[in-house]
Amino acid sequence: MPRPTPRAAEGAGSRTPRPPSEGDPAIRDAQGADRDDRWLDTVMNTAFIALLAGSLLRYLIKHPESPRVPWVIGLSAALAVFQLAGHRLAARTRGRGDLVRLGLVVGCWVVIVLLAPSFAWCAVPLIYTGLRSLPTRAAVALVAVLCALVMIAEWRLRQGVDPLLLLLPPAVVVLATAVFLHMRRQADRLRALVDDLLRTRRELAAIERREGVLAERQRLSMEIHDTLAQGLSSQQMLLQAAERVWDSDPDKARGHVRTAESIAERSLAEARRFVHDLAPAELAEGGGLARALRALAERESTDALRVRFHLDGVPVPLPDRVESALLRIAQGALANVREHADASAAALTLSQLGDQVVLDIADDGAGFLPVERAPGVRGHGLAAMRARLRQLGGALTIESAPGQGTVVSAAIPLERPRPVDGGADAPLEHG
């Protein structure tokens, strides 16, 4: 799995919100809701105009000579205009349009139904409009008033007592209102659930980004410790040694200075590699982990410390993260050997065992009691090694005792090992 680069980590932590596009789910949902609203408005308008036209035609057939005909026709036209042109009024009044439109339509309907009871059943679309536009209590009150006016109008048309008139309109109104309010509550619960899910998803995404940034910072600190910090420490030790023998042994002092110069050159290459993608410079040159460890052993070998490298087992291609982690561990361990062990010989052994890869760094130095780093102690090399291996499912083992040297062993499990044909990386030993 490729490692995230600094640019990728920075982008994960400081990504600016992307402007919404037509393909976003939220935009699609909003567009779908708008289409549903327009469809329902079309149905309601069609039903209202059909009932209005039928009521007007019925009134003209039954009362062609009535003096109320001009008023009925005028009010019918006003009702049609208010119902069909209501969306434009809503847009101009910025949110109050639905209430204004409903008030005008209901007012005209009340007047016309008092003049002509034939228009009573035009109240059915008005009931749904009121339920959609008003709060629950106001909508129920309006529905009750409309139902009462329908019952009065039907009673005037029948000119008699009909028990069905006392039961049918209230039953229809109660049923329609109950169903509508139930659906509204279900929609509100679903909307609240969706909002909670979206909020939780945003919180989880923010947590993942923060964890990614923290993990990348920890990895960067280990990278810097194992490369630049160790290089600077080695340069300081070499320059101090050159200063001590500058007068007594100029040749040895110049050798220390040249060695410090080569270390500075490698540190500069590492710094440039950080800017690029944090890949170890030795691995970026190709040849795999074995070649990088062999080159590391050659560079670290001096007159005072002889470093050997040995490859054991059948070579297998390793993931980039595994190769980088083992190389950094080897660099850190050898830096500890130079600075603390007072050793004359050290050995790097890479063992590829099929289901795991093991790197051993052994020295014949002073040794120590392998305990956890105490608070306040400078350096965190062993802790950094353990952290690297934990990220890859591996483990770090330290075997040491005062006066008996030290062996640091890093083991990382592998998945699906694939042997490499050829002998380009055959077992070798040098130093």
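Here are some questions about this model, with answers.

Tutor: This is a predicted model, where local features need pLDDT of at least 70, side-chain atom pairs count only at pLDDT 80 or more, and totals for chains, interfaces and linings use all residues. Residues are numbered from 1 along each chain as its sequence is written, and side-chain values use heavy atoms, leaving out hydrogens and water.

Student: What share of the 431 residues in the protein is buried?

Tutor: Buried means under 20% relative accessible area, exposed over 50%, and partly exposed in between, with a 1.4 Å probe and protein chains only. By that rule, the buried share of the 431 residues is 36%.

Student: How far apart are the end C-alpha atoms of helix H12?

Tutor: Helices are DSSP runs (H or I, at least four residues), numbered from the N terminus. The expected span is 1.5 Å times one less than the number of residues. The 22 residues of H12 (residues 320-341) should therefore span 32 Å, and this agrees with the end C-alpha distance in the model, 30 Å.

Student: How many of the 22 residues in H12 are buried?

Tutor: H12 is mostly covered. Just after H12, Asp 342 takes a positive phi of about 55°. Within H12, the number of buried residues is 16.

Student: Is Val 124 buried or partly exposed, and what is its relative accessible area?

Tutor: Val 124 sits in helix H6 (residues 123-133). Val 124 counts as partly exposed because its relative accessible area is 36%.

Conventions:
Helices (H or I, at least four residues) and strands (E, at least two) are DSSP runs, numbered from the N terminus.
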